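Subject: Handover of a structure and notes on what was found

Dear colleague,

Please find the structure below. The notes that follow it set out what was found, and I would be grateful if you would read the two side by side.

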Amino acid sequence: MTTQPFKRVHLVVLDSVGIGEAPDAEAYGDKGSDTLGHIAEAVGGLNMPNMENLGLGNIVSVKGLANVDSPAAYYGKLQEASVGKDTMTGHWEIMGLNIDTPFKVYPDGFPEELIQQLEEKTGRKVIGNKPASGTEILDELGQEHMETGAIIVYTSADPVLQIAAHEEIIPLEELYRICEIARELTLAPEYLVGRIIARPFLGEPGAFKRTSNRHDYALAPFDRTVMNELKDGGKDVIAIGKIDDIYNGAGVTKAIRTKDNMDGMDKLVQVVKEDFNGLSFLNLVDFDALYGHRRNPQGYGDALEAFDVRLPEVLENMQQDDLLIITADHGNDPTFPGTDHTREYVPLLAYSPRFTGGKELETGKTFADIGATIAENFSVKMPKFGTSFLSSINQ
């Protein structure tokens, strides 16, 4: 094996595309969950020929996807080892960490003392303070916000505190400052909120629309990740979409914002065409935010097929010494009760133009196998968790 088998690794996280209940799913109330499988059943079968060719249907049985004789990619699945099933936990684990203390969620809203502190420090009243859909909360409280200038605070099944404000009522600069204040307040151990999210919107009552000026204020990872090692080792770490926010910029050399899944694919294709040495890391959030949490299997299925249509643009522009890894960070079964994420296995597909074919990989016991593989590839310090599968795919 050479010291650097692949010059570039492109890592794509299909946010929430789980592929069946994890062994410990029952402990999370998720027994029977199967994001990909249940979507396929709900829509009468998925049409994803490019992912099928890579071997997605070889990992698990999915309606509409064949188990192909000669998959183009190495394929398998990974089990989450950390405690939790949220975005930050999944992503941090992918890059070599193990989270044994879960972030807190707030199914009944945030503590009154926290809300009081937020009102005092921002000078604005808080309305909402409950779990809600991002669109429904605007329909409910948008007009009151416009009339009073109060900020809309809400949460979700994730460990997040979201603050919505109309851009013509509260300028972006002030909204961002308010979120920075909230970030400082929730650093206290008793709160342990993973992310503060600015949710600006425009429009009139009955026709509000969130803008692309969202901004996340995340906790920094509690330890060094593979991204830190790559950056310090002189490699590029290009974060596309909300990756920069999820890691709070730690280990990132270049951050590229995206508006939606298709814009994310546009940006990825652009990056693949560039000359760099290291990691590009993309999160496609629409699967989770627009369809999983909103329990919309048809929309989710359409989004999966739309991603599949764009995949050849990536594959055709890859170089011989490129590696593409496609995975997920948790499940979010849109046919399941509630609006929460689901504790599931995630898919693992590893493809390079140099491969003459793929084979099944052993089921990983942690998402950190991906980080370990990337670390070994670039000869940087290995993470404390994870087992590299580089030797299994290096042809």
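This is a predicted model: local features need pLDDT of at least 70, side-chain atom pairs count only at pLDDT 80 or more; totals for chains, interfaces and linings use all residues.

With a relative accessibility of 43%, Ser-392 counts as partly exposed (buried means under 20% relative accessible area, exposed over 50%, and partly exposed in between, with a 1.4 Å probe and protein chains only). Ser-392 belongs to helix H14, residues 390-393; helices (H or I, at least four residues) and strands (E, at least two) are DSSP runs, numbered from the N terminus. Beyond residues up to four places away in sequence, Ser-392 touches Tyr-74 and Leu-361, where contact means heavy atoms within 4.5 Å.

Residues are numbered from 1 along each chain as its sequence is written, and side-chain values use heavy atoms, with hydrogens and water left out.

Asp-15, Asp-329 and His-330 are listed by UniProt, in an unreviewed entry, under "binding site". UniProt positions are given in the numbering used here, feature names are shortened, and annotations may be inferred rather than shown by experiment. The three residues are spread over 316 residues of sequence but cluster in space, the largest C-alpha distance being 7.2 Å.

Asp-15 sits in the loop between strand S1 (8-14) and helix H1 (35-42), and it is buried because its relative accessibility is 0%. Its contacts, leaving aside neighbours within four places in sequence, include Thr-87, His-91, Asp-288, Asp-329 and His-330. The side chains of Asp-15 and Lys-242 are joined by a polar contact of 3.4 Å (a pair of N or O atoms within 3.5 Å; within protein, one must be able to donate a hydrogen and the other to accept it, and residues adjacent in sequence count only if both atoms are side-chain atoms).

Asp-329 is placed in the loop between S12 and S13 and likewise counts as buried, at 0% relative accessibility. A polar atom of the Asp-329 side chain lies 2.9 Å from the backbone nitrogen of Ser-16. Among the residues that Asp-329 touches, not counting those up to four places away in sequence, are Asp-15, Ser-16, Asp-86, Thr-87 and His-91.

Asp-288 is part of helix H11 (residues 286-292) and is buried, with 3% relative accessibility. Apart from residues up to four places away in sequence, Asp-288 touches Asp-15, Ser-16, Thr-87, His-293, His-330, Asn-332 and His-341.

Where does His-341 lie? His-341 is in the loop between strand S12 (322-327) and strand S13 (346-351). At 1% relative accessibility, His-341 is counted as buried. The side chains of His-341 and Asp-158 make a polar contact of 3.1 Å.

Domains

The domain assignment gives domain 1 (8-99 + 222-392) and domain 2 (112-218), with bounds that come from an automatic or database assignment. Their C-alpha centres lie 29 Å apart. In all, 14 residues of domain 1 are in contact with 12 residues of domain 2. The two domains bury about 1,100 Å² between them, 50% of it on carbon and sulfur atoms; buried area is the accessible area (1.4 Å probe) that two parts lose on being put together, summed over both. Met-88, Asp-245 and Arg-294 supply 40% of the area that domain 1 buries against domain 2, more than any other three residues.

Yours sincerely
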